[in-house]
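Please examine the sequence and the three-dimensional model shown below.

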Amino acid sequence: MNDTLTKFRNQASKTKNWEGYRELTKNKDFVVNTDSTGHFSINVKPTDSLYFSSYLYLDQKYAVADLLKRKAIKIQLEKEPCVPYTSCEQKKPSKFYAFVGTKIDLKYEKNPNYCDMVVMDAKYKALYKIEKNLYGNFKKDTISFTAFDHYGIPAFSKYEHVLLFVSEYCNKLFHEKYQYFDVYKTEDGKWARPGDPYKQEHNTEKTVTIKKISFDKNVWFDISDLTTEQIEENYPAAYFRIIDQKAIPFMGVYAEDLVEIKKLGVLKARNITF
């Protein structure tokens, strides 16, 4: 990896322009992989540095000028030391929180190299501003918690405002894996989710009634790039009005009722009762 990419990565962590950084990682002038025999080639300048990295090995950095002085260039990475895995045996959370939040920061954190197990989920450290407490009454106006996701960046992070569920186990806060609702402001300042909240909720009692809700006038969804079938699937006429390439919601469920849906479904299955 060329050190130019490292500079962009450090800059991205400050500006949050991760899309630009990810595009650079696809550029073979900055990042290359070895072939099956461990060989590679990359275009560099004598003033550059190269970073060598591999899963479960320690990164190493070399100045290109120093590498050019060698008769043969052979890089041997050192294995990353492993650490014992300590499991949390707590079966039920000591505290549980449900809140509407706005993302402040979300950072990927490398999992430790455990000696006796492999963690398959990506780990992220999240910091959110609490817009409204719905259960647990978290005392601060911001909350920091860990999220694990098998598929990469947690899906909840792509929404501006989201209803999240966070539990405390062994004195640490963790997002209840994959559990969230994207929510939006209503005209009277409440929070609600448009459409049918049970669409993705399985094995739960349907006790909540979908209601007519006056969402804020700025709440609408761009459908200009969707097919007719996609619009009917994602923005059905029972809940959305289609006007000028926009899906405008008029039916939905308030945040308090969304908590009730999770309470009787996934959270109940996970032995979380409140």
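Lys132 is partly exposed, as its relative accessible area is 35%; here buried means under 20% relative accessible area, exposed over 50%, and partly exposed in between, with a 1.4 Å probe and protein chains only. The model is a predicted one, in which local features need pLDDT of at least 70 and side-chain atom pairs count only at pLDDT 80 or more, while totals for chains, interfaces and linings use all residues. Residues are numbered from 1 along each chain as its sequence is written, and side-chain values use heavy atoms, with hydrogens and water left out.

Lys132 belongs to strand 4; helices (H or I, at least four residues) and strands (E, at least two) are DSSP runs numbered from the N terminus. With neighbours within four places in sequence left aside, Lys132 is in contact with Phe99, Val100, Trp191 and Glu256, where contact means heavy atoms within 4.5 Å. Between Lys132 and Val100 there are 5.1 Å from C-alpha to C-alpha, although the two are 32 residues apart in sequence.

Ser157 sits in the loop between strand 5 and strand 6. Is Ser157 buried or exposed? Ser157 counts as buried because its relative accessibility is 9%. Not counting residues up to four places away in sequence, Ser157 touches Lys103, Leu106 and Tyr128.

The loop between strand 6 and strand 7 holds Cys170, and Asn171 has its place in the loop between strand 6 and strand 7 as well. Cys170 has a phi near 50°, a positive value in a residue other than glycine. For Asn171, also a residue other than glycine, phi is positive and near 65°. Cys170 is partly exposed, with a relative accessible area of 36%, whereas Asn171 is exposed at 71%.

Attention now turns to strand pairing. Two strands pair if DSSP finds at least two bridges between them. Ala192 stands opposite Tyr254 in strand 14.

Strand 13 pairs with strand 11 (residues 221-222) in the antiparallel sense over two bridges, and Asp222 stands opposite Lys246. Strand 12 (residues 240-243) is joined to strand 13 by four bridges, and these two strands run antiparallel. There, Arg241 stands opposite Ile248. The hairpin of strand 12 and strand 13 has two residues between the strands, and Asp244 takes a positive phi near 50° in this hairpin.

The interior can be described through its nonpolar cores. A nonpolar core is a set of buried Ala, Val, Leu, Ile, Met, Phe, Trp, Tyr and Cys residues joined through side-chain atoms within 4.5 Å. The largest such core has 18 residues, and those with the most contacts inside it are Phe96, Leu163, Phe165, Phe181, Val183, Leu258 and Ile261. Strand 3 (95-109), strand 6 (161-169) and helix 5 (255-264) are the elements that give two or more residues to this core. Which element provides the largest share of this core? Helix 5 does, with four residues. Apart from this core lies another, of 17 residues, including Phe138, Ala147, Leu164 and Val166. Leaving aside neighbours within four places in sequence, Phe96 is in contact with residues including Tyr135, Phe165, Val166, Leu267 and Phe274.

The last feature is a pocket. On a 1 Å grid over the protein atoms alone, a cavity is a set of points where a 1.4 Å probe fits but cannot get out, and a pocket is an open set with protein on both sides within 12 Å along at least five of seven lines; lining residues have an atom within 4 Å of a point. The second largest pocket has a volume of about 970 Å³, a volume being the space filled by probe spheres set on the points, which are joined across faces, edges and corners. Of its 31 lining residues, Tyr85, Thr86, Cys88, Phe148 and Phe174 are the closest to its centre. Strand 4 (122-135), strand 5 (142-149) and strand 7 (172-182) each give two or more residues to this lining, and the largest share, six residues, comes from strand 7.
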